[in-house]
Amino acid sequence: MTAPAEDGERAGRVAGLAGVVLCGGQSRRMGRPKAWLPFGGEALLQRVVRRLGEAAWPIAVVAAPGQALPPLPDGVLLVRDPVEGRGPMQGIAVGLEAVAPLAERAVVTSTDAPFLHPALVRRLAELQAGGPAIAVPRADGRHHPLCAVYACSVRGEAAALLAEGQLRLTTLFERARTRVAGPELLLEDPELRAADPDLRSLRNVNTPEEYAAALRELYGAPPG
């Protein structure tokens, strides 16, 4: 797998924006590790890291203790959850802590987002800049906290919530100033509107059926 270019060598990266990819989930519904799922000639985790690297750098991958991962590009930071079973709140805290010395903010995503597009990352970074601590999409009746931009300073609030036993990510939105972006606001950006008008970036594959449907879309066959 080719390592991403250094800062400044690839157009489209947002200055001061890092990336965090959470891949420590147990994949119960999928029945096998999602990070290793083949997708377009590469493992799913490799694809997400590659696409994310078009808009953000450096990138930290947050894995479970002892979790095996496919090869990653040089320069990608690999960090581990200190304990298992504390969900994405812990992953966000760990990931933000890893990239905080190198960036002021980070886009957080998960390993099961095969259609993540750099244009959405850039749009969320634009919406978060100069004001809120968090910019999170809301579509299909719910927030998408694992496709959102967080100020690295939010790691303090996340750590405090973990200490209180609060694991729901919506509680983090209540603690930190958050901008919620619906589809209309997101798609005001012409780059995103052209690249991902249906906001497929927000889709996850959690089951074998969803994975199969995503593969059909990738190779041009109609879903269903």
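Among contacts in the chain between residues at least 6 apart in sequence, what percentage join residues at least 24 apart? Then take me through the helices and strands that build the core, and the backbone features in the loops.

Author: The answer to the contact question is 70%: that share of the contacts between residues at least 6 apart joins residues at least 24 apart in sequence. Keep in mind that this is a predicted model.

The chain has eight helices and 10 strands. Its C-alpha trace spans about 45 × 40 × 40 Å along the principal axes. Of the 224 residues, 51% are buried. The accessible surface is about 10,100 Å², and carbon and sulfur atoms account for 50% of that surface. The chain carries 25 positive and 25 negative charges, and their mean positions lie 3 Å apart.

The largest nonpolar core holds 36 residues. Val21, Leu45, Leu52, Val61 and Leu186 have the most contacts inside this core. Several elements give two or more residues to the core: β1 (17-22), α1, β4 (59-63), α3 (118-128), β7 (134-139) and β9 (147-151). Helix α3 makes the largest contribution, with six residues. A second core is separate and has 30 residues. Ala106, Ala133, Tyr150 and Cys152 are among its members.

The buried set is Pro118, Ala119, Leu120, Val121, Arg123, Leu124, Ala125, Leu127 and Gln128. Note that Arg123 and Gln128 are on that list. Just past the helix, glycine 130 has a positive phi of about 70 degrees.

Helix α1 covers residues 44-52 and is mostly covered too, with eight of nine residues buried. These are Leu44, Leu45, Gln46, Arg47, Val48, Val49, Arg51 and Leu52.

Leaving aside residues up to four places away in sequence, leucine 52 touches Gly19, Val20, Val21, Ile59, Val107, Thr109, Leu116 and Val121. Within that set, Val121 is one of the buried residues of α3.

Next, the loops. Between α1 and β4 lies proline 58. A cis peptide bond joins tryptophan 57 to this proline, with omega about 5 degrees.

Two further loop residues have positive phi without being glycine. Aspartate 140 sits in the loop between β7 and β8 (142-143). Its phi is near 55 degrees. Leucine 199 is in the loop between α7 (190-195) and α8 (208-218). Here phi is about 55 degrees.

The surroundings of these two residues contrast. Aspartate 140 has a relative accessible area of 75%, so it counts as exposed. Leucine 199 has a relative accessible area of 8%, so it counts as buried. The cut-offs behind these labels are over 50% for exposed and under 20% for buried.

Methods. Residues are numbered from 1 along each chain as its sequence is written. This is a predicted model: local features need pLDDT of at least 70, side-chain atom pairs count only at pLDDT 80 or more; totals for chains, interfaces and linings use all residues. Side-chain values use heavy atoms; hydrogens and water are left out. Buried means under 20% relative accessible area, exposed over 50%, partly exposed in between (1.4 Å probe, protein chains only). Helices (H or I, at least four residues) and strands (E, at least two) are DSSP runs, numbered from the N terminus. A nonpolar core is a set of buried Ala, Val, Leu, Ile, Met, Phe, Trp, Tyr and Cys residues joined through side-chain atoms within 4.5 Å. Contact means heavy atoms within 4.5 Å. Accessible areas come from the Shrake-Rupley method with a 1.4 Å probe; for residues, only the protein chains shown count as cover. Lys and Arg count as positive and Asp and Glu as negative; His and the chain ends are not counted. The place of a charge is taken as NZ of Lys, CZ of Arg, CG of Asp or CD of Glu.
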